[in-house]
Amino acid sequence: DTISSPEALAALPLRENLRGLSPYGAPQLDVPIALNTNENTHPVPDEVVQAISASVTEAAGSLNRYPDREFTELRQRLAEYLGHGLSETQLWAANGSNEILQQLLQAFGGPGRTVMGFPPTYSMYPLLAAGTDTAYLAGQRGEDFSLTAESAAAQVAEHRPNLVLLCSPNNPTGTALGLDVVEAVYQATEAHQGMVIVDEAYAEFALDGTRSALSLLPGRPRLVVTRTMSKAFALAGARLGYLAAAPEVTDALRLVRLPYHLSAVSQATANAALQHYDVLLETVEDIKAQRDRIVDGLRGLGLSPAVSDSNFVFFGGLEDAHATWQGLLDRGVLVRDVGIAHHLRVTAGTEAETTAFLEAMVDVLGR
Ligand code: PMP
């Protein structure tokens, strides 16, 4: 994972808690069918490409000046998109939800503080913790990777973390948490005043009836819901993540953000895209249909896919997950080996990509 020799890196005066860590490294391979990073694999619609181009062209003329440090128009548009009676004072944005999470850890974590996550979960959580020198506490899930309100609340009450990261729908398992879990965890942080972050990167793909933690924000000043334009909006390359929380949370983040962290180009891109969010979200229903097709197809192969509220499917029952991963890659299909024995994760792509994946699976497993 390093480009120099491990000895050369070890010789640098690196912070102790970064020694021996591997960087985030989902393979970026040139394959016909890339279903390994949960992007929206549909291209950006023409209409939106035109709108973004015009907006960026206009912004280009003013690049001699720093951008609006408060990205006011963007916060208004995001509040409008989310609904739930949110105002722009409750919105905050950054370069991907990764930067949002980093800023939250910078403001509320840090040396001597702790953040709790529930693995298997988003692989960046421990790395963001290390980068901000926040101790990462790994909570426990059930055998089937589920997390109940009772169990989560008991673990939070016992360890009293400064921050709790609840990923819903969870990456890599794909399943959303019930709001009872968020409510119980929030209550369990009352005694020690911990922050509760619900990472809803995949919220737009949820199954009917799954509710967003946005509805829990009123009256909960330490609750934060993070979102991104990288998934449903098909704009991973634009790097635009955001959060909704009490206005005082955004004030806390103003203390740690770099001045002008959201470039004029990023703001112009996101503002234009949000004017067309209905068009951008048109692919969501198709992706959900492909996801359900993957679940059915894998069940038909005798495998055990998890319930998915997201644009990917986590499935078990493989004899040798790495061999299956390699077999798929040999057939031009890249999926994710998340390092859990007998399991793999695949992104729901277009109908053609899904067909290619399912056919390759039949071929690899010889079933
Ligand atoms: N949260 C989760 C659960 C994710 O899976 C991802 C992307 N893989 C992110 C956050 C970060 O996405 P981005 O920085 O592109 O918004």
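How many nonpolar, polar and charged residues make up the shell around the ligand? The shell has four nonpolar, eight polar and one charged residues. In this count, Ala, Val, Leu, Ile, Met, Phe, Trp, Tyr, Cys and Pro are nonpolar; Asp, Glu, Lys and Arg are charged; the others, Gly among them, are polar.

The model is predicted: local features need pLDDT of at least 70, side-chain atom pairs count only at pLDDT 80 or more, and totals for chains, interfaces and linings use all residues. Residue numbers start from 1 along each chain as its sequence is written.

The ligand is surrounded by 13 residues. The closest are Gly-96, Ser-97, Asn-98, Thr-228 and Ser-230. Helix H4 (residues 96–108) gives the most to this shell, with three residues. Helices (H or I, at least four residues) and strands (E, at least two) are DSSP runs, numbered from the N terminus.

Helix H9 (residues 264–274) is mostly covered. Nine of its 11 residues are buried, among them Ala-264, Gln-267 and Leu-274. A residue is buried if 20 or more other C-beta atoms lie within 10 Å of its own, exposed if 12 or fewer, and partly exposed in between, with C-beta atoms placed from the backbone. The cover over the buried residues of H9 includes helices H2 (46–60), H3 (72–82) and H10 (277–280). Contact here requires C-beta atoms, placed from the backbone, within 7 Å.

Three strands form an open sheet in the order S9-S10-S12, with antiparallel pairing. Strands S9 (304–305) and S12 (344–347) stand at the edges with a single partner strand each, so one side of each is left without a neighbour in the sheet. Strands pair if DSSP finds at least two bridges between them. Four bridges join S10 (residues 312–316) to S12. Val-313 has Val-346 as its bridge partner in S12.

Two cis peptide bonds involve loop residues. One joins Pro-119 and Pro-120, with omega about 0°. Pro-120 lies between strand S3 (114–117) and helix H5 (124–131). Another joins Ser-168 and Pro-169, with omega about -5°.

Asn-38 has a phi of about 55°, in the loop between strand S1 (33–34) and H2. Asn-38 is buried, with 24 other C-beta atoms within 10 Å. Phi of His-84 is near 55°, but His-84 is partly exposed, with 14 C-beta neighbours inside 10 Å.

Key:
A residue is near a molecule or strand if its C-beta atom, placed from the backbone, lies within 6 Å of it. Two residues are in contact if their C-beta atoms, placed from the backbone, lie within 7 Å.
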